[in-house]
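Trainee: I have not seen this structure before. Please take me through part of the fold.

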Amino acid sequence: MSNGTRYQVLALKYRPQKFSELVGQEHVSRTLQNAIASGRVAHAFLFTGARGVGKTSTARIMAKTLNCAVGVTPEPCNECPQCKEITIGTSTDVFEIDGASNNGVDDVRDLRDNIKYLPSHSRYRIIIIDEVHMLSTNAFNALLKTLEEPPEHVKFIFATTEPHKLPVTILSRCQRFDFKRVTLTKIIGRLRDIAGQENVTISDSALALIARKGDGSMRDSLTAFDQVLAFCGNSVSDEDVGTLLGTIDRRLLAEISAAVFEADTQGVLAGIKQVDLVGYNMRQFCQEMIEHFRNLLVIRSVKKPEEILDITAAELDELNKQSLHVTALDIQRRLTLFIKAESEMAYASFPRLIVEMALLKAALLAPLVPIQELIEKIKSLETAAVHTPSLPWEASRVVPAAVSQHVEPHSAVTSRPAHPAASPASPPESSGGQAEWGRFVAFVNEKDRQLGSVLEHGSPLKQEDGLIEIGFPAGSYYLTAARDAEFIADVQGLACTFTGEHTVIRVKSIETGFADAPLSLAEKKKSDAEQRREELKQEVENHPVIKEAERVFGCSITDVREF
Ligand SMILES: [Zn+2]
């Protein structure tokens, strides 16, 4: 920025002039260079991707390699007249057209007339159409005719941010390259190079702020850098960058999120005050907070977060430290609150208030244990409800203060689900045989605990006059025990007493998977417990207090345990 010299914006001054200078699109460069080296260059290319990631720069580099006086080489020489003309945009054989402003059929007809002629002093006539999706339907049709039978000396390069808007007929005739968003680390690397060349003193964290502002676009990052340099000159402080770009200092985000996890409400509100003082947009701050928590969640959830997150190594270190003492679930519950707040802010007149409420809620989120206690309490009330119908009033008594403030009293009363006793889920006592068997086993248990414990694992196959046939799983310990002559004699004796008539006990082996055998008492107990558990879970899930708790805390039930 020497005096008198016209300042050239960085995006132009440092525009890549060869493939090796293209940042973040190595996959494109490699394929194009291979095509050039092998002499198999398509006649139409489509470059897609977000704005400012290098599509038109690549198109120009490609044009130079094709027309370079030195020869068709993987890199242009950038010295010959052809290269130089393309760089400054004066080549008579390279047409750069903006699809947005030249989108009519006449423009395309002019173009078609133009390309009929051989190049004046290059190998090819090269047509670069930027924002090609903006062309009208008629213009596309006119273009298609040329694309179907392109003259040997013509190459097309189309660039677009919205490839889905292109007709399939065009898409199918182009070799397509998808340009990626440039990663934060690569943008920072490039900015650091440029800062060096421009003799600018700036910290890595300030460069990260600038790169983040660019959001994956090299051009937007360079524009942000221009803005910073215009204001700060050659010595740039972190604070200036934050204020200038309206980006939030990562440290402030880290401080506020630490306050959230420490339930430090004072710290949370002081942090938001700070955000407001420097004039940040509250919704943007909320979005940054969401991204911050999302980063924490990823770090807590995967083994190699660096492969997923677009952050610098220093930021990763910092986030790692922060995530040490929190669980993924803790982060997730808070993240849900912020996402909800963010969507509410779109229509809110008091965005700061919404952020404050969300962060306070997040800070005061009860740890998971009390929620389980809540479920336990409700469960015990469910049991009580079988005897007393006045549960709703009791329910409002056990709800923790945080919840009860939000529960409309009548909603707790009116939407009470039917209590378990009335639910159809508990089956009626099955067959008379099962009941009789149950009584017999209970009788045996009373007389001889050891005999009874074996019988509990047997299925009553037959209970006729004078005969009880009991099945045990083949190969089981119980089958062996039951086949013992002494066991049979003892049980037979008890059976006679129980039925009042002479009874024969027969023990059979049941093949596993023999579905027709009635459940043994032990199996029945287990299956009843499972059913009970399922009912309990549904009861808890449907309970209005729990639903309200889920809504208020932004959480969900992961497990229901019976105590
Ligand atoms: Zn050249």
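Trainee: In β8, which residue is the bridge partner of Ile468?

Mentor: This is a predicted model, in which local features need pLDDT of at least 70, side-chain atom pairs count only at pLDDT 80 or more, and totals for chains, interfaces and linings use all residues. Residues are numbered from 1 along each chain as its sequence is written. Strands (E, at least two residues) and helices (H or I, at least four) are DSSP runs, numbered from the N terminus. The partner of Ile468 in β8 is Ile505.

Trainee: How many bridges join β7 to β8?

Mentor: Two strands pair if DSSP finds at least two bridges between them. Strand β7 covers residues 467-473 and runs parallel to β8. The number of bridges joining β7 to β8 is seven.

Trainee: What is the order of the strands in the open sheet?

Mentor: The sheet has three strands and mixed pairing. Its edge strands, each pairing on one side only, are β6 (459-464) and β8 (504-510). The order is β6-β7-β8.

Trainee: Are α14 and α17 roughly parallel or roughly antiparallel to each other?

Mentor: Axes are lines fitted to C-alpha atoms, for helices over the stretch in contact, and angles run from 0 to 180 degrees between N-to-C directions. The axes of α14 (residues 282-301) and α17 (residues 351-364) come within 9 Å and cross at roughly 25 degrees. Angles under 35 degrees count as roughly parallel, over 145 as roughly antiparallel, 65 to 115 as roughly perpendicular and the rest as oblique. α14 and α17 are therefore roughly parallel.
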